[in-house]
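The report that follows treats strand pairing, nonpolar packing, a pocket and a helix in turn. Please read it beside the sequence and the coordinates.

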Amino acid sequence: MTRYYDDLETRSTEERLDAQMHELRAQLGRAQGLAGYAGALDEVEPEGLGSLDDLARLPVLRKSDLGAAQKGAAPFGGLTTRPVSGFAHVFQSPGPIYEPGGIDRDWWRMGRFLHACGVGEGDIVQNCFGYHLTPAGMIFESGARAVGAAVLPAGTGQTELQVRAAADIGCTVYAGTPDYLKVILDKAEEMGERLSITRAAVGGGALFPSLRQEYADRGILCLQCYATADLGNIAYESAAQEGMIVDERVIVEIVTPGTGDPVRPGEVGEVVVTTLNPDYPLIRFATGDMSAVMEGQSPCGRTNMRIKGWMGRADQTTKIKGMFVRPEQVAALVARHEEVRRARVIASREGERDVMTVQIEAEGGAAERYEASVVEALKMKGRIEIVAPGSLPNDGMVIEDQRSYD
């Protein structure tokens with residue numbers, strides 16, 4: 001018998017819509033009083049909203065809008081209802097983009113996902129998400145606290161120490177990017193250590209079917225969530241593993257990329273999210289991710305809308321090794337060197353791990369010359385290939401994702 005996180009997960013459609021409309025009207029009222037929206041929501045009377053379909057009348061807020069607002073009103077662009085000092089944490093993501101964080105119970109709503117993974121009291125979570133500047137580590141730690149689990153704040157890297165700690169402490173749950181768990185498990189085998197991890201709560205990258213199956217063969221149930229630094233948890237898998245169930249504290253729309261117009265049911269489009277977090281009222285925030293709504297409800301009994309999960313990017317921004325790489329970062333790499341005409345980032349897979357290759361158009365020269373610039377601009381290491389000027393395709397693409405998601 002399924003044990004649910006709370007009664008919200010099994011509400012009827014009518015109950016959920018009534019509650020969402022009440023909260024949405026309140027959230028719009030908060031947003032209209034914020035300088036960051038600069039009158040963009042003035043044409044809408046919150047109490048006049050008749051249904052969630054009326055959201056389509058409101059403008060879409062994009063990541064680029066967020067960055068521009070933050071430049072004008074640092075650090076949160078006038079989009080929060082608390083002052084900077086009113087938050088427990090301030091995070092910085094590539095861009096830079098700044099995000100607030102709270103320590104109120106389950107502020108990012110990750111506990112719901114961990115509960116669906118079967119995580120709770122008595123578990124020890126090896127949290128391999130980063131704790132430095134970006135919020136992923138704290139997002140998952142907050143969720144673990146909400147379900148009563150202990151946390152090993154492992155962060156990233158130092159794999160041998162990760163294995164040592166997991167074995168000594170008896171960690172039962174892995175949290176991190178999908179492919180890093182395999183690195184830990186392989187290292188454990190090499191060291192002759194047997195780990196106690198039986199569940200994995202992953203995010204920050206695609207969970208490929210072959211990798212999920214490998215974990216299952218090792219006795220590990222691996223489920224994924226869909227979350228962002230700005231919004232927190234958006235959707236998550238349950239043990240049914242049929243689509244991703246939308247979180248109870250967000251409203252998700254699927255729209256035609258670049259327009260904000262809802263697509264027809266079942267069609268692929270861009271994920272646009274309105275969060276009901278009163279501290280950070282993001283209205284129709286465009287994630288840049290593609291997905292589609294699934295018909296029906298999950299066999300696990302949770303009744304909220306489901307989406308098909310991550311189906312690519314609406315723009316060229318691509319997540320590699322759990323980090324977003326954006327076209328403007330590639331442009332910054334090119335600008336660092338006068339002799340470089342163009343560059344192209346290629347995302348691929350080798351041995352169930354993400355690989356980033358950076359092709360640089362230049363008149364010869366050693367790849368080592370650009371290693372530091374690649375790390376500074378793209379925030380991670382990668383292979384570097386020097387190619388002849390004019391050899392890269394003239395198709396406007398600067399980030400190419402060659403990974404298969406079938």
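Helices (H or I, at least four residues) and strands (E, at least two) are DSSP runs, numbered from the N terminus. This is a predicted model, in which local features need pLDDT of at least 70 and side-chain atom pairs count only at pLDDT 80 or more, while totals for chains, interfaces and linings use all residues. Residues are numbered from 1 along each chain as its sequence is written, and side-chain values use heavy atoms, with hydrogens and water left out.

Helix α4 spans residues 136-146 and is largely enclosed by the rest of the structure, because nine of its 11 residues are buried (under 20% relative accessible area with a 1.4 Å probe, protein chains only). Among the buried residues are Met 138, Ile 139, Phe 140 and Glu 141. After α4 comes Gly 148, which has a positive phi near 85°.

An open sheet of mixed pairing is formed by nine strands, in the order β4-β3-β5-β6-β7-β8-β9-β14-β13; two strands count as paired if DSSP finds at least two bridges between them. At the edges, β4 (150-152) and β13 (293-294) each pair on one side only. Strands β7 (residues 221-228) and β8 (residues 232-236) are antiparallel to each other over four bridges, and Tyr 236 in β8 is the bridge partner of Cys 225.

A nonpolar core is a set of buried Ala, Val, Leu, Ile, Met, Phe, Trp, Tyr and Cys residues joined through side-chain atoms within 4.5 Å. The largest has 35 residues, and Leu 24, Leu 28, Tyr 37, Val 252, Leu 282 and Ile 307 have the most contacts inside it. Two or more residues of this core come from each of α1 (13-32), β8, β9 (244-246), β10 (250-255) and β11 (269-275). Apart from this core lies another, of 29 residues, including Phe 91, Met 138, Val 147 and Leu 223.

Leu 17, Leu 52, Val 252, Val 293 and Met 305 lie nearest its centre, and β10 gives the most to the lining, with five residues.

The lining divides by class as follows.

| Class in the lining of the second largest pocket | Residues |
|---|---|
| Nonpolar | 15 residues |
| Polar | seven residues |

Methods. Buried < 20%, exposed > 50% of the residue type's maximum accessible area, 1.4 Å probe, protein only. 1 Å grid on protein atoms, 1.4 Å probe; cavity = no way out; pocket = protein on both sides within 12 Å on 5 of 7 lines; lining within 4 Å. Nonpolar A, V, L, I, M, F, W, Y, C, P; charged D, E, K, R; others polar.
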